[in-house]
Amino acid sequence: MLDFFTIFSKGGLVLWCFQGVSDSCTGPVNALIRSVLLQERGGNNSFTHEALTLKYKLDNQFELVFVVGFQKILTLTYVDKLIDDVHRLFRDKYRTEIQQQSALSLLNGTFDFQNDFLRLLREAEESSKIRAPTTMKKFEDSEKAKKPVRSMIETRGEKPKEKAKNSKKTKGAKKEGSDGPLATGKAVSAEKSGLSVGPENAVELSKEELIRRKREEFIQKHGRGMEKSSKSVKADAPKEKGKKAPRVWALGGCANKEVLDYSTPTTNGAPEVAPPEDINLIRGTGPGGQLQDLDCSSSDDEGVTQNSTKPSATKGTLGGMFGMLKGLVGSKSLSREDMESVLDKMRDHLIAKNVAADIAVQLCESVASKLEGKVMGTFSTVTSTVKQALQESLVQILQPQRRVDMLRDIMDAQRHQRPYVVTFCGVNGVGKSTNLAKISFWLLENGFSVLIAACDTFRAGAVEQLRTHTRRLSALHPPENHGGRTMVYLFEKGYGKDAAGIAMEAIAFARNQGFDVVLVDTAGRMQDNAPLMTALAKLITVNTPDLVLFVGEALVGNEAVDQLVKFNRALADHSMAQTPRLIDGIVLTKFDTIDDKVGAAISMTYITSKPIVFVGTGQTYCDLRSLNAKAVVAALMKA
């Protein structure tokens, strides 16, 4: 039984709605719009919201969305067929109202679709019930039953007919090869007498067969001689390569050194010079550091244009002009077959730019579902249309629905007279402590006091590293410049202690001393280490930080997806709270080491729908940036 079925435009106008078991479809549909449609995640046509499963279909030609909802514990096999039937009937019935494409016409339009929908629903349910169960195949239906009984009977000592025929043919071939001229002489004598060669020798040959056999005999006699003569002609042909001038030796040396100089090949008397390599293309940056756009089909287009210039010269300039306009002017709606080759190149390009393979496939599927059925604009090609849609999708992915504004949240915590707590987590060696120090410097520059909690009680030298950073930051912002107030302080209890307990004491100390921000440093751990992941979940559950930041490096590809998925899963599984705290944002480190292979940013934001809050670009405290989505997408799409 369906909970609801609704049809609405991409502008947000509900054209028709069917209420089944559910009282309201507003919440699930809004969740679908926020999480899937606005975030460009339309590769899969199903979406799960609480206890409901939503399946949807996009009509890009008329800008419509068809959504059906049902309980996820049910297995309804007719839902896909129902959506297709409703989509086809609704589009054909109200084509004139929809084609006006104005909000006023859609609001004034009357879409009386209740009876038609109930009829389609009844037909879909009956078709799923009528489906006959699969039965076993009978012997009468098999290929073996169609053969006669005589063909399957074999007596002892007798070979099957087919094998006997094959053996006779092979024996005959061997005899012909072994007898040589004797066999041919017999054949010639038999042909002269007008009899066929074989055991029967009683059937006369027709004139056509005699002529054909004589031709074959002539070819057999004279063919070998012709082959030998052609081979001898080829062998006698003069060789092009060789010594053009003799080498003259005098007393063990060379009298004419220019004769022996074969190092520089020449063409038309001028030496060939290899073209210089384009250094800008090798380094991945254009002139002046500008990012170049991707020309996805450059190699294929060059080959096509080179081949098409030859016939165009014969046809004339007018035919070439009309052919170019015919390829540019949009005349039909896009189909998956039209976009398949372009999407394959886009997918390979994304994978080469360090995007995870599964996510690259999902991105291309999302673009295909978004553009399928859409009519191309005038003077636009399939490549440019797909490229533009992919760029828009990538920008939307890098700008998630929830934006993290730390400065605003810290000021809100100050009004409530409590410290703002940030917890850093991640795998080993990604730069958690270094980027924690960078964020501390950024907060100090904005006038907030910082308490650093050294909760990495496992790695040797972790506390000493934070102590060095605290000493340097204190030198940059001494208490004398802030009215005697300590701006940065390290709270540490040594090694081998409980990290959750140290974090709790640090937060209490910051509240008593009036610190604005508490930055909690944790030990690096692999996502498959269950005991360490349990300890991290305990630290987050007990202390309830305001922000949980995952620190990941930009060098990873498919590993970024595995890390984030398993970190979130571990935090959810090992948390004791009913609504567990998951990762709220991402700190992307080592961004200065990847050149234009920025695919890790896409992979991380796509898999978690969380924003990249900070980007680390160097080794100094000032090397901290906020993410520029358009610049990242431009670097990603660059060839």
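This is a predicted model: local features need pLDDT of at least 70, side-chain atom pairs count only at pLDDT 80 or more; totals for chains, interfaces and linings use all residues.
Residues are numbered from 1 along each chain as its sequence is written, and side-chain values use heavy atoms, with hydrogens and water left out.

**Exercise 1**

Describe the second largest pocket by its volume and its lining.

*Solution.* A pocket is, on a 1 Å grid over the protein atoms alone, an open set of points where a 1.4 Å probe fits, with protein on both sides within 12 Å along at least five of seven lines, and its lining residues have an atom within 4 Å of a point. Grid points are joined across faces, edges and corners, and the volume is the space filled by probe spheres set on the points. Step one gives about 450 Å³ for the second largest pocket. Step two turns to its 18 lining residues, of which R403, V404, I612, V613 and S626 are the closest to the centre.

Step three assigns the lining to elements, where strands (E, at least two residues) and helices (H or I, at least four) are DSSP runs numbered from the N terminus. Both β16 (612-616) and β17 (624-625) supply at least two lining residues, and β16 gives the most, with 3 residues. Step four sorts the lining of this pocket by class into 12 nonpolar, 2 polar and 4 charged residues, where Ala, Val, Leu, Ile, Met, Phe, Trp, Tyr, Cys and Pro count as nonpolar, Asp, Glu, Lys and Arg as charged, and the others, Gly among them, as polar.

**Exercise 2**

*Solution.* K57, at 26% relative accessibility, is partly exposed (between buried, under 20% relative accessible area, and exposed, over 50%, with a 1.4 Å probe and protein chains only), and D84 is partly exposed at 29%.

**Exercise 3**

Trace the salt bridges that R347 forms with D344 and D348.

*Solution.* The closest N and O atoms of D344 and R347 are 3.0 Å apart; because these residues are 3 apart in helix α13 (residues 336-352), about one helical turn separates them. For D348 and R347 the corresponding distance is 3.9 Å. D344 is partly exposed at 30%, as are R347 at 25% and D348 at 44%.

Note on methods:
A salt bridge is a side-chain nitrogen of Lys or Arg within 4 Å of a carboxyl oxygen of Asp or Glu.
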